[in-house]
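Subject: Structure handover

Hello,

Please have it open while you read.

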Amino acid sequence: KIEVIEFFSFGCGHCKSFEPFLQDWMKKAPADAQVRRIPAVFQPGWKELGKVYYTLEALGEADKLAPAVFEAIHTDGKRMEKSDVFFAWAASKGLDAAKVKSTYDGFSVDGKVRRAEQLARAYDVQFVPNIYIDGKYQILADKLTGQLAGVPAAMDYLIAVSRKERK
């Protein structure tokens, strides 16, 4: 599999702008592409937003609800970095409140957030969204504001290049 890593944050406006393009791309991503979304946690409040992502991921709801989290934050002004706000929002989306809270507060989510911090340092992530293809190629989508629609094509191209390099 060719790994596609997206470093992002629910708190990032560029990431919110990129989300529809990424969601569309993920629906038709090449079969040999393995997508990993990693929350960047290098700003105040983003650690808690990372916990939001990993909680939703653990509950099998991340792909479905990620666009709604961006909307809640950037359109509705919800302070999702505050756990009580997130818990109430998750319940409003039909998720079991007790399960959301226990997952959010659990060891596994904390460990994933710590691992995300380590990976961001290892990849020297300074901005988001930031995409890596096969550990070699980087697409700084934050530099492409206004051109975000072209990022999925760049991802496909770099996946094809990586595929050829492996042969």
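Does aspartate 124 count as buried or exposed? At 52% relative accessibility, aspartate 124 counts as exposed, where exposed means over 50% relative accessible area, buried under 20% and partly exposed in between, with a 1.4 Å probe and protein chains only.

Before going further, please keep in mind that this is a predicted model, in which local features need pLDDT of at least 70 and side-chain atom pairs count only at pLDDT 80 or more, while totals for chains, interfaces and linings use all residues. Residues are numbered from 1 along each chain as its sequence is written, and side-chain values use heavy atoms, with hydrogens and water left out.

**Some backbone details**

Aspartate 124 lies in the loop between helix 6 (107-122) and strand 3. Helices (H or I, at least four residues) and strands (E, at least two) are DSSP runs, numbered from the N terminus. The phi of aspartate 124 is positive, about 55°, although the residue is not a glycine. Proline 129 has its place in the loop between helix 6 and strand 3, and a cis peptide bond joins valine 128 to proline 129, with omega about -5°. As background, most residues other than glycine have a negative phi, and most peptide bonds are trans.

Aspartate 134 also has a positive phi, near 55°. This residue sits in the loop between strand 3 and strand 4, a hairpin with three residues between the strands. At 16% relative accessibility, aspartate 134 counts as buried.

Four strands make up an open sheet with mixed pairing, in the order 2-1-3-4; two strands pair if DSSP finds at least two bridges between them. Strand 2 (33-39) and strand 4 (137-139) are the edge strands, each pairing on one side only. From one strand to the next, the twist averages 20°. Axes are lines fitted to C-alpha atoms, for helices over the stretch in contact, and angles run from 0 to 180 degrees between N-to-C directions.

Helix 1 (residues 13-27) packs on the sheet and touches strand 1, strand 2 and strand 3; contact means heavy atoms within 4.5 Å. The direction of helix 1 makes about 160° with that of strand 2.

Strand 1 (residues 2-8) and strand 3 (residues 130-133) run antiparallel and are joined by four bridges. Isoleucine 5 stands opposite tyrosine 132, and phenylalanine 7 has asparagine 130 as its bridge partner. Strand 3 also runs antiparallel to strand 4, with three bridges between them; here isoleucine 133 faces tyrosine 137.

In a regular strand the side chains alternate between the two faces of the sheet. Along strand 3, Asn130 and Tyr132 point one way, Ile131 and Ile133 the other way, and all are buried.

Which way does helix 1 run relative to helix 3? The axes of helix 1 and helix 3 (residues 62-74) come within 10 Å and cross at roughly 160°. That makes the two helices roughly antiparallel, because angles over 145 degrees count as such, under 35 as roughly parallel, 65 to 115 as roughly perpendicular and the rest as oblique. The contact uses Gly13, Cys15, Lys16, Glu19, Gln23 and Met26 of helix 1, and Asp63, Ala66, Pro67, Phe70, Glu71 and His74 of helix 3.

The axes of helix 2 (residues 46-58) and helix 5 (residues 97-104) come within 9 Å and cross at roughly 125°, which means that helix 2 is oblique to helix 5. Their contact is made by Glu48, Lys51, Val52, Thr55 and Ala58 of helix 2 with Val100, Thr103 and Tyr104 of helix 5.

**Two more residues to look at**

Serine 162 is in helix 7 (residues 151-166) and, at 0% relative accessibility, counts as buried. Leaving aside neighbours within four places in sequence, serine 162 is in contact with Ile2, Ile133, Asp134 and Tyr137. Serine 162 and isoleucine 2 are 160 residues apart in sequence but 7.4 Å apart in space, C-alpha to C-alpha.

Alanine 31, in the loop between helix 1 and strand 2, counts as exposed at 70% relative accessibility. Between alanine 31 and glycine 106 there are 32 Å in space, C-alpha to C-alpha, and the two are 75 residues apart in sequence.

Best wishes
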